[in-house]
Amino acid sequence: MHRAMKGIRTKRKLADALGELLEAGPLERIRVHNLTDRCELHRQTFYYHFADVYALFAWSVREEGAALSARLEAAPDWREALELLLRTIPPRRGWFLTVLNQADPEVRQAFFDGLLAPIAQKTGTADPGGVSAILLSLLEKWIRDGCVSAPEGMAVLLEQMENAASAR
């Protein structure tokens with residue numbers, strides 16, 4: 001059990017280093033030695049856990065997506081969940097852009113579905129999948145545009161959907 005926990009800590013260290021490096025440059029320019037130097041690990045340690053930088057990235061998308069999704073699900077309502085998501089993205093914009101641009105399409109879809117489904121479900125609408133798709137398009141544009149101001153329309157859209165669900 002101790003060895004497994006140590007392995008998870010090592011993977012998280014590498015994922016954190018990857019996240020930091022993605023804020024400075026694209027995934028294709030990150031090398032294993034960039035990560036291992038930053039983490040003060042041997043290259044063999046990296047290769048014990050991952051085949052390459054892309055495998056580390058895929059692992060980090062799954063792990064970070066699950067952790068953030070759990071935090072969003074724990075929010076009492078869609079407003080707080082949305083605010084949490086919008087506060088989380090700007091400091092890690094490079095990482096989120098890489099998810100949008102370079103993650104395997106299935107991994108990308110699962111990641112964003114995991115983030116947006118709890119928000120959409122908290123509105124009480126009959127079609128949370130449709131709400132998630134609309135939110136994804138607004139969120140994607142906001143991330144690509146630099147996260148300058150809150151994504152226009154997200155809160156308004158969710159308010160309208162919540163009101164429509166309440167009226168039924």
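This is a predicted model: local features need pLDDT of at least 70, side-chain atom pairs count only at pLDDT 80 or more; totals for chains, interfaces and linings use all residues.
Local features need pLDDT of at least 70, side-chain atom pairs count only at pLDDT 80 or more, and totals for chains, interfaces and linings use all residues. Residues are numbered from 1 along each chain as its sequence is written, and side-chain values use heavy atoms, without hydrogens and water.

**Aromatic residues**

- Phe 50 and Trp 59 have ring centres 5.9 Å apart and planes at 65 degrees, so the pair is edge-to-face (planes over 60 degrees apart).
- Both Phe 50 and Trp 59 are buried (under 20% relative accessible area, 1.4 Å probe, protein chains only).
- Trp 95 and Phe 96 also form an edge-to-face pair, with 5.2 Å between centres and 80 degrees between planes; both residues are buried.
- Ring pairs join Trp 95 and Phe 96 with Phe 57, Phe 111 and Phe 112 in a cluster.
- Arg 92 lies over the face of Trp 95, 4.8 Å from the ring centre (CZ of Arg within 6 Å of the centre and within 35 degrees of the ring normal).

**Helix packing**

- Helix H4 (residues 53-74) and helix H7 (residues 105-122) pack at about 0 degrees, with axes 9 Å apart, which makes H4 roughly parallel to H7 (angles under 35 degrees).
- The contact (heavy atoms within 4.5 Å) includes Val 61, Gly 65 and Leu 68 of H4 and Val 107, Phe 111 and Gly 114 of H7.

Note on methods: Axes are lines fitted to C-alpha atoms, for helices over the stretch in contact, and angles run from 0 to 180 degrees between N-to-C directions. Helices (H or I, at least four residues) and strands (E, at least two) are DSSP runs, numbered from the N terminus. Angles under 35 degrees count as roughly parallel, over 145 as roughly antiparallel, 65 to 115 as roughly perpendicular and the rest as oblique. Rings of Phe, Tyr and Trp (its six-membered ring) pair if their centres lie within 6.5 Å; planes under 30 degrees apart count as stacked, over 60 as edge-to-face and the rest as tilted. Buried means under 20% relative accessible area, exposed over 50%, partly exposed in between (1.4 Å probe, protein chains only).
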